[in-house]
Amino acid sequence: MAKNNHSCQSLIPSFLYSSSVGSGYNGGVPQFLQQSKLSPPSNSCDHGVLSKNFVIPAPSEKIEMFSPAYYLACTAGGVFSCGLTHMTVTPLDLVKCNMQIDPSKYKSITSGFGVLLKEQGARGFFRGWVPTLLGYSAQGACKFGFYEFFKKYYSDMAGPENAAKYKTLIYLAGSASAELIADVALCPMEAVKVRVQTQPGFARGLADGMPKFLRSEGYSGLYKGLVPLWGRQIPCKHKHVQGATAGDAVRQLGLWGLFTRGLPLRIVMIGTLTGAQWGIYDAFKVFVGLPTTGGGAPAPAVAKP
C-alpha cells in the first residue's frame, strides 16, 4: 500500500493532487493551490490551515482495492448513506404508508400530514425512526458491501474481455444479488416499523413494538413480507399489517389505485433517497482514499504462479 508523508485523510479527490512526490508539502497540495504563498505546516493533523487558505492533505494510506479493508470501508459507507437518509425522510414514509393502508382517512399527501399533525402532534411525524435507522443501516451495509463483492466476483467469473464488454450487465447482476441479501437484513425492522407507524396504539417504538410483535406473530412473522419487499409491491402492506388479502386491497383501492396510491410521494421520497445515498456513499469512499463508484472496472483476478 502506497504511503506519503501525511497522516490525515482527504476530502478532496485524488486527481486534484500533484503526481510529484518531492520534499516538503507540495506532494500533498492540490495543483491549483501549489502556486499559492503558503507557510510551512506543522506535523499535527490539524495543520490544514496554512495562512488564510484551507488545505486538506492527501490520505496517508491508500486502501488496497478488493481487500478486506476495502469491503469493510464500503460496508461502513452503506451504513451511513442508507441509515441516515431513511431516518431523515421518516415523515414522508409515514404518510405514504398510511395513505396505502387507510385511503379513506389519508386521502392525499397534504391531508395526510394534516391528520397526523392533528392526532399526534409534530413528534408523531418521526414515529418509528429507531427501527427505520437500524433496519436501513443493516440494509445499507449489505447492499453496498455485497454490491462491491459481487461486482468483483462476477467480473472474475466472466474474465477480462467479457468483464469489460458486459460491464453494465455484471454491475446490474451484482446489485440485484446484493439487494436480495440486504432485504433479508431489513425485513424484521421493516415489519415492526410499518406496524408501529400504521396501527394506532400498537406501540410507541422499537423497544415495546418488537416484543409485542413477536408475541403476536412469532419470529417467522418478521419475514412474512420478505418476498413482497423484494418485489416492492403495495399489496404486501395490506396483507401483513392489517390482516387483509391482496383481493381486499384491490376492492378497497381499485386496480388503478393499487399501483398509484401514494406514488407521487414515493417518487419524491425514493428520488431524494437515491441521490443522497450515492452522494454520501461516494463522499465517504473519497474520504477514506477510494475511487468513486464506477470510477473504474474491477481488476480481474490474476492467477498466482
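Visitor: How many cavities of 30 Å³ or more does a search of the whole structure find?
Guide: The search finds 1 cavity of that kind in this predicted model. The volume of the largest cavity is about 40 Å³.

Visitor: Which residues line the largest cavity?
Guide: The lining consists of H86, V89, D93, T132, Y136, K193, M269 and L273. By class, these are 4 nonpolar, 2 polar and 2 charged residues.

Visitor: And which helices each supply at least two residues of that lining?
Guide: Those are α4 (129–165) and α10 (263–287).

Visitor: Turning to charges, what does K193 form a salt bridge with?
Guide: The partner of K193 is D93, with the closest N and O atoms 2.4 Å apart. K193 belongs to helix α5 and D93 to helix α2 (residues 90–101), so the pair ties together parts that are 100 residues apart in sequence.

Visitor: How many salt bridges does the count come to?
Guide: The count comes to 9 salt bridges. Side chains of opposite charge can pair when their charged atoms come close.

Visitor: Back to the two helices: at what angle do the axes of α2 and α5 cross?
Guide: They cross at roughly 75° and come within 9 Å. The two helices are therefore roughly perpendicular to each other.

Visitor: Which residues of α2 and α5 meet there?
Guide: From α2 there are T90, D93, L94, C97, N98 and I101, and they meet K193, Q197 and T198 of α5. This contact has 3 nonpolar, 4 polar and 2 charged residues.

Visitor: How do α5 and α6 pack?
Guide: Helix α5 (residues 167–198) packs against helix α6 (residues 206–217) at an angle of about 100°, and their axes are 10 Å apart. That angle makes α5 roughly perpendicular to α6. On the α5 side the contact is made by M189, A191, V192 and R195, and on the α6 side by L206, G209, M210, F213, S216 and E217.

Visitor: What is the make-up of the contact of α5 with α6 by class?
Guide: It has 6 nonpolar, 2 polar and 2 charged residues.

Visitor: A last topic, the backbone: is the phi of F66 positive or negative?
Guide: The phi of F66 is positive, at about 65°, although F66 is not a glycine. Most residues other than glycine have a negative phi.

Visitor: Where does F66 lie?
Guide: F66 is in the loop between β2 (53–54) and α1 (68–88).

Methods
Residues numbered from 1 in each chain as written. Predicted model: local features only at pLDDT ≥ 70, side-chain atom pairs only at ≥ 80, totals over all residues. Heavy atoms only, no water. 1 Å grid on protein atoms, 1.4 Å probe; cavity = no way out; pocket = protein on both sides within 12 Å on 5 of 7 lines; lining within 4 Å. Points joined across faces, edges and corners; volume = space filled by probe spheres on them. Helix = DSSP H or I, 4+ residues; strand = E, 2+ residues; numbered from the N terminus. Nonpolar A, V, L, I, M, F, W, Y, C, P; charged D, E, K, R; others polar. Axes fitted to C-alpha atoms, helices over the stretch in contact; angles between N-to-C directions. Parallel < 35°, antiparallel > 145°, perpendicular 65-115°, else oblique. Contact = heavy atoms within 4.5 Å. Salt bridge = Lys/Arg side-chain N within 4 Å of Asp/Glu carboxyl O.
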